[in-house]
Amino acid sequence: MRIASKVANEGQAVVAELIASTELRMTRQRRAIMDALEGVDTHPGADEIHEMVRQEMPRISLGTIYRNLDVLAEHGLIRKLEFAGSQRRFDGKRHDHYHLRCTRCDKIEDAPVEPRGDIEEDLRKISDYDIVGHRLEFIGLCPKCKQNGKSSNGAEI
Ligand SMILES: [Zn+2]
Ligand SMILES: [Zn+2]
């Protein structure tokens, strides 16, 4: 399987500039992890990323994947997502966006709504915090689980 490098809102030049600005050494492993993450929108966990990267680097260990995921996240090149009660997941999209999480199958999707800057403004007015950002996770049942949760007469199980 060839991992397609798909960069949604940024050109390759912007990514290269971003990488250069972090002064992080871009090893083959790190590049492969970033490419794998940018090619999917499933917000995979470390195990899944390991599986993807192994297609190109069969000998890479899960430990190496974990270490590099941490380093890339620390430098803002990928995002680490932490959700209550679920395995840590990763996101290749660096722009601000909200997530939708299915409470039954743990699927995580990008929520198709624009982030609300006004929430931060409102909070700045009433709190003493220096607000630097916010995260928002919508929870519910995905269309597939919603469908599976219905019995033949349409009643919820
Ligand atoms: Zn689901
Ligand atoms: Zn996302």
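Here is a short chat about a predicted model, covering a sheet, a loop residue and a helix.

Me: Start with the sheet. In what order do the three strands sit?
Reply: The order is E4-E3-E5. The sheet is open, and its pairing is mixed.

Me: Which strands stand at the edges?
Reply: Strand E4 (108–110) and strand E5 (137–140) do. Each has a single partner strand, so one side of each is left without a neighbour in the sheet.

Me: How much are neighbouring strands turned against each other?
Reply: By 25° on average, direction ignored.

Me: What holds paired strands together in general, then? What do they pair through?
Reply: Strands of a sheet pair through backbone hydrogen bonds, either parallel or antiparallel.

Me: And E3 with E5, parallel or antiparallel?
Reply: Parallel. Strand E3 (residues 99–102) pairs with E5 over four bridges. Leucine 100, for one, has phenylalanine 138 in E5 as its bridge partner.

Me: New topic. Where is methionine 26?
Reply: In the loop between helix H1 (12–22) and helix H2 (28–38).

Me: Why does methionine 26 count as partly exposed?
Reply: Because methionine 26 has 14 C-beta neighbours inside 10 Å. A residue needs 20 or more to be buried, and 12 or fewer to be exposed.

Me: What is methionine 26 in contact with, leaving aside neighbours within four places in sequence?
Reply: Ile19 and Arg31.

Me: Now H2. Which of its residues are buried?
Reply: Arg30, Ala32, Ile33, Met34, Ala36, Leu37 and Glu38.

Me: What do those buried residues pack against?
Reply: Helix H3 (46–54), helix H4 (62–74) and strand E2 (89–91).

Key. Residues are numbered from 1 along each chain as its sequence is written. Chains are lettered from A and ligands numbered from 1 in the order in which they are written. This is a predicted model: local features need pLDDT of at least 70, side-chain atom pairs count only at pLDDT 80 or more; totals for chains, interfaces and linings use all residues. Two strands pair if DSSP finds at least two bridges between them. Helices (H or I, at least four residues) and strands (E, at least two) are DSSP runs, numbered from the N terminus. Axes are lines fitted to C-alpha atoms, for helices over the stretch in contact, and angles run from 0 to 180 degrees between N-to-C directions. Two residues are in contact if their C-beta atoms, placed from the backbone, lie within 7 Å.
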